[in-house]
Amino acid sequence: MPFRSLAKALPTPSQCSPSATRAFSSSTAASTSKLSPLNKTVIARREREAKGVGKGKAKSSKEKDMMTLEEAAKVLKAWSPTTPNAAYEINIQTKPSSTIQLNALRGRVFLPHSAFSSTKRSFILVFATGAQARLATAAGADRVGGEELVAEIMSGDLSPDKLITTPELLSLFTRNPALARFLGPKGLMPSAKRGTVADDLATAVKEARGGLDWKGDSRGVVRAAIGRLNFTPEALQDNVHTLLASISDIALGGSGSQSGTATRVSKRPAITRVLLSSTQGPGIVLADV
């Protein structure tokens, strides 16, 4: 059809019906339906900001929900009045230095006040032979043996909470990649730095019984039982600050060793958020650690 004939065939705006005119209008719904999810998110954020739901208001809301450690402990204790032996649990978000890998964020700390349950005992497995095996047994190890224990660990028949070995038997782990991959994610791979490769097994077993082994997950979050609901506020403060000092030190490339109770400070390097909860209670973000 020639161009002039086509132009004559098209109706003028005045000849169009109202419904046809509306169909050609550029409504917000029609335009946003063609936007990508990212653009829709940006538009929704701008609409919320226009209504006064901005970042400043959200921040003040978060600050309102925060409590001091002493206040949070009182709330959690009131939440579970019939279970005084229930655990205070701590959730620590870290930001390690660039030289520290998240999966390497782990350590052992000796808390001023034992946070272990009086009804639950850690199972300590020791790799040793001869006289050292007898010393480990006398020190309180739950199971002592040599190469024969490897198969039981891999099959799941043995599930230790702590694992210690003598330097002579360390090759059982270093030369067995499957065993190393099995123990590594559980934080059980023997390490001289953490005191789980030792000649003095009596001391190693004693420290393993009283030490808290902690490790960060793939996002740098450390979770641990830090006390019991029957703790005094001072005892809970001591444990929390000792653990935070150890984690902060290791996250910055240090050894994490702590001699005695750590100094109480409001903020520590490499720690961005601390949340306290209980076995049955809510999680509360702490404002003073």
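**A friendly first look at the fold**

Arg209 counts as partly exposed, at 22% relative accessibility (buried is under 20% relative accessible area, exposed over 50%, partly exposed in between, with a 1.4 Å probe and protein chains only). The model is predicted, so local features need pLDDT of at least 70 and side-chain atom pairs pLDDT 80 or more, while totals for chains, interfaces and linings use all residues. Residues are numbered from 1 along each chain as its sequence is written, and side-chain values use heavy atoms, leaving out hydrogens and water.

**Salt bridges**

- Six salt bridges are found in the structure (a side-chain nitrogen of Lys or Arg within 4 Å of a carboxyl oxygen of Asp or Glu).
- Arg209 forms one of them with Asp142, at 3.4 Å from N to O. Arg209 belongs to helix H11 (residues 201–210) and Asp142 to the loop between helix H7 (130–139) and strand S4 (143–145), so this pair ties together parts 67 residues apart in sequence. (Helices, H or I with at least four residues, and strands, E with at least two, are DSSP runs numbered from the N terminus.)
- Arg194 meets Asp213 at 3.9 Å, N to O. Arg194 is buried, with a relative accessible area of 14%, whereas Asp213 is partly exposed at 25%.
- Arg194 and Asp213 also belong to a salt-bridge network with Arg108 and Lys162.
- Arg223 and Asp217 are joined at 2.9 Å, N to O.

- Four strands form an open sheet in the order S7-S1-S8-S9, with antiparallel pairing (two strands pair if DSSP finds at least two bridges between them).
- Strand S7 (221–228) and S9 are the edge strands, each pairing on one side only.
- Seven bridges join S1 to S8, and Tyr88 has Ser278 in S8 as its bridge partner.
- In helix H6 (residues 69–79), Leu69, Ala72, Ala73 and Leu76 are buried. Lys74 and Ala78, on the other side of H6, are exposed.
- The buried residues of H6 pack against S1 (87–94), helix H12 (233–251), S8 (271–278) and S9 (284–285) (contact means heavy atoms within 4.5 Å).

**Nonpolar cores**

- The largest nonpolar core has 32 residues, of which Ile92, Ile226, Leu243 and Leu276 touch the most other members (a core is a set of buried Ala, Val, Leu, Ile, Met, Phe, Trp, Tyr and Cys residues joined through side-chain atoms within 4.5 Å).
- H6, S1, strand S6 (212–215), S7, H12 and S8 each supply at least two residues of this core. Its largest share, seven residues, comes from H12.
- A second, separate core of 13 residues includes Leu125, Leu149, Leu158 and Leu163.
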